[in-house]
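Trainee: I have a model open and want to learn how to read it. Can we go through it feature by feature?

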Amino acid sequence: QVQLVESGGGLVQPGGSLRLSCAASDTSGTILSIYIMGWYRQAIGKQRELVATVSKSGRIDYADSVNGRFTISRDNRNTVYLQMNSLKPEDTAVYFCRAGYDSTWYGDAWGQGTQVTVSS
């Protein structure tokens, strides 16, 4: 069972930046087989939505709302990062990390979430 722990959330002014991190850990030896990792977010009163994903093949996808402002990256230790620049109040949400063993998100592990608040 993969466990995901997010960090890096907080309060930032509009136009500012934050960097989120998500570290994957596992005691069963399956961590090396994680294929895809990504970030989702959920604002109050709204459905959870995809922000960005990165696969082991190198494919990266972004939601239109963050394309050009956010950058997802992944190191070889199964830690995924989300660099968020030019933040807007509408980016305020709880951000969740997700991981899967294949392109269908098999295994479907989620982190506990980290709050990002963009406000002056």
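Mentor: Start with two cysteines. Cys22 is buried, and Cys97 is buried as well. Keep in mind that this is a predicted model.

Trainee: How many disulfides are there, and which cysteines form a disulfide?

Mentor: The test is distance: the two sulfur atoms must lie within 2.5 Å. That rule gives one disulfide here. Cys22 and Cys97 form it, with their sulfur atoms 2.1 Å apart. Cys22 belongs to strand S3 (residues 18-26) and Cys97 to strand S9 (residues 93-100), so the bond ties together parts that are 75 residues apart in sequence.

Trainee: Is that disulfide left-handed or right-handed?

Mentor: Read the torsion about the S-S bond. For Cys22 and Cys97 it is about -80 degrees, so the disulfide is left-handed.

Trainee: Next, the rings. How many aromatic pairs does the whole structure have?

Mentor: A search finds four. Judge each pair by the distance between ring centres and the angle between planes; over 60 degrees counts as edge-to-face. Take Tyr40 and Trp105. Their centres are 6.2 Å apart and their planes stand at 75 degrees, so this pair is edge-to-face. Tyr40 sits in strand S4 (residues 36-42), while Trp105 is in the loop between S9 and strand S10 (109-110), so the pair ties together parts that are 65 residues apart in sequence. Both Tyr40 and Trp105 are buried.

Phe96 and Trp110 also form an edge-to-face pair, 6.4 Å centre to centre with 80 degrees between the planes. Here Phe96 comes from strand S9 and Trp110 from strand S10, so the parts tied together are 14 residues apart in sequence.

Trainee: Which charged residues sit over a ring?

Mentor: Look for an Arg or Lys end placed over a ring face. The charged end of Arg48 sits over the ring of Phe96, 3.7 Å from its centre. Arg19 lies over the face of Tyr81, at 4.1 Å from the ring centre.

Trainee: What is Met84 in contact with?

Mentor: Set aside its neighbours within four places in sequence. Met84 then contacts Gly16, Ser17, Leu18, Leu20, Arg69, Phe70, Tyr95 and Val116.

Trainee: Let me zoom out. How many helices and strands are in the protein?

Mentor: Zero helices and eleven strands. For packing, check the radius of gyration against the globule rule. The radius is 14 Å, close to the 14 Å that the rule gives for 120 residues, so the protein is as compact as a globular protein of that length. The C-alpha trace spans about 45 × 25 × 25 Å along its principal axes.

Trainee: How many of the residues count as buried?

Mentor: Of the 120 residues, 42% do. Among contacts between residues at least 6 apart in sequence, 55% join residues at least 24 apart.

Note on methods
Residues numbered from 1 in each chain as written. Predicted model: local features only at pLDDT ≥ 70, side-chain atom pairs only at ≥ 80, totals over all residues. Heavy atoms only, no water. Helix = DSSP H or I, 4+ residues; strand = E, 2+ residues; numbered from the N terminus. Buried < 20%, exposed > 50% of the residue type's maximum accessible area, 1.4 Å probe, protein only. Phe/Tyr/Trp six-rings, centres within 6.5 Å; stacked < 30°, edge-to-face > 60°. Lys NZ or Arg CZ within 6 Å of the ring centre and 35° of its normal. Contact = heavy atoms within 4.5 Å. Rg over C-alpha atoms; globule rule 2.2 N^0.38 Å.
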